[in-house]
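Subject: Structure handover

Hello,

Here is the structure you were waiting for. Please open it first, then read my notes below.

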Amino acid sequence: MPARAAKLPLSRDRILAAAVAVADADGIGSVTMRRVAEDLDCEAMSLYHYVADKKALLSGVVEIVLTEVVGVALSIETASAIDAPRDNERGSDWRDSVRDRSLAARRVMLAHPWAPALVSAETESPFALYALYEQFVATLVNAGFNYELAHRAIHSLGPMILGFTNELFEPDAGDSGAPSEEEMAAIAATMPHIAQLAAMELHESEGSLSMCDTQAEFEFTLALVLEGLERRRAQGTSRADA
């Protein structure tokens with residue numbers, strides 16, 4: 001009778017990878033200590049030697065996803081040489097770098113569609129992100145931004161650097177987000193402009209992380225911010241009234 005293969009030892013990395021796999025397969029709501037332990041073929045109590053509780057487990061999951069975002073985004077090569085100052089003729093190349101890295105980060109988020117809400121809920125910026133922000137700031141400064149405008153740019157781009165945008169109102173996870181017929185009738189009667197937008201079917205399902213965060217809308221907003229920042233860079237100002 002052949003000997004049974006020895007189990008791989010538990011580790012924090014294995015536990016977090018298993019949690020990410022559960023979330024990808026069945027949604028973040030399925031990530032519990034018990035479920036992760038089942039997938040690792042061990043007792044739930046064994047996990048507590050590596051993660052303190054479910055909150056720590058979810059924070060670790062965020063860490064895993066953001067580390068993936070950073071790795072992918074920093075691996076992108078673009079036309080701009082971010083480690084060397086740019087001349088006036090090619091000063092706009094910074095937009096290619098920011099755009100390409102933001103879209104690369106978005107591809108990670110699309111692979112983990114549950115991640116944006118979890119990332120947004122974090123109260124502190126994970127340390128893994130500092131390398132990404134450092135690279136973005138370097139790109140901007142080397143393109144001719146002063147540090148004040150670069151600081152504003154990072155805030156303006158916000159979570160787009162991480163590959164998603166924030167919803168004004170996010171439907172519940174179990175809600176399709178679609179209003180009922182009665183609600184649509186009330187909207188048409190009292191909010192005709194909103195009703196017209198709804199009738200135009202502007203939203204798409206492909207490349208979508210939520211009801212409004214579609215690929216087309218993400219790219220449109222990204223382009224809008226980059227164009228505005230380029231105008232400020234060319235003017236050499238970060239004043240709000242410029």
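Two residues are in contact when heavy atoms of theirs lie within 4.5 Å. On that basis, take the contacts in the protein with a separation of 6 or more: 71% of them come from residues 24 or more positions apart. Please keep in mind that this is a predicted model.

**Overall picture**

The protein has 11 helices and 0 strands. From the N terminus on, the order of elements is therefore simple to write, α-α-α-α-α-α-α-α-α-α-α. There are 242 residues, and 34% of them count as buried. The accessible surface is about 14400 Å². Carbon and sulfur atoms hold 55% of that surface.

**Helix α1 and what covers it**

Helix α1 covers residues 12-26, which is 15 residues. At 1.5 Å a residue, the helix should span 21 Å.

Which residues of α1 are buried? They are I15, L16, A18, A19, V20, V22 and A23. The cover over them includes α2 (33-39), α3 (44-47) and α4 (54-74). Just after α1, G27 has a positive phi of about 95°.

A37 is a residue to look at in α2. Is A37 buried or exposed? It is buried, because its relative accessible area is 1% and the cut-off for buried is under 20%. A37 and A18 are 19 residues apart along the chain, and their C-alpha atoms are separated by 8.6 Å. Leaving aside neighbours within four places in sequence, A37 is in contact with C42, E43, A44 and L47.

**The nonpolar core**

In soluble globular proteins, nonpolar side chains tend to be buried together. Here the largest nonpolar core has 54 residues. Those that touch the most other members are V36, L57, M109, L132 and F145. At least two residues of this core come from each of α1, α2, α4, α5, α6 (115-121), α7, α8 and α11 (215-235). Which helix gives the most to this core? That is α4, with 9 residues.

Not counting residues up to four places away in sequence, F145 touches W94, L140, A150, A153, L229 and R233.

**The aromatic pair**

How many aromatic pairs does a search of the whole structure find? The search finds 1. The partners are W94 and F145, arranged edge-to-face. Their centres are 4.9 Å apart, with 75° between the planes. This pair links distant parts of the chain, 51 residues apart. W94 is in helix α5 (residues 94-111). F145 is in the loop between α7 (129-142) and α8 (147-157). Both W94 and F145 are buried.

**Salt bridges**

The count of salt bridges comes to 7.

- R12 and E63: their side chains meet in a salt bridge at 3.0 Å, N to O. The pair links distant parts of the chain, with R12 in helix α1 and E63 in helix α4, 51 residues apart. R12 counts as partly exposed, because its relative accessibility is 31%. E63 is also partly exposed, at 33%.
- D26 and R35: the closest N and O atoms of this salt bridge are 2.8 Å apart. D26 is partly exposed, with a relative accessible area of 44%. R35 is partly exposed too, at 23%.
- D213 and R106: their side chains meet in a salt bridge at 3.0 Å, N to O. D213 lies in the loop between α10 (192-199) and α11, and R106 lies in helix α5, so the pair ties together parts that are 107 residues apart in sequence.

**Where to start**

Best wishes

Technical notes:
Residues numbered from 1 in each chain as written. Predicted model: local features only at pLDDT ≥ 70, side-chain atom pairs only at ≥ 80, totals over all residues. Heavy atoms only, no water. Helix = DSSP H or I, 4+ residues; strand = E, 2+ residues; numbered from the N terminus. Buried < 20%, exposed > 50% of the residue type's maximum accessible area, 1.4 Å probe, protein only. Areas by Shrake-Rupley, 256 points an atom, 1.4 Å probe, with all protein chains shown as cover. Expected span 1.5 Å × (residues − 1). Phe/Tyr/Trp six-rings, centres within 6.5 Å; stacked < 30°, edge-to-face > 60°. Core = buried A, V, L, I, M, F, W, Y, C linked by side-chain atoms within 4.5 Å. Salt bridge = Lys/Arg side-chain N within 4 Å of Asp/Glu carboxyl O.
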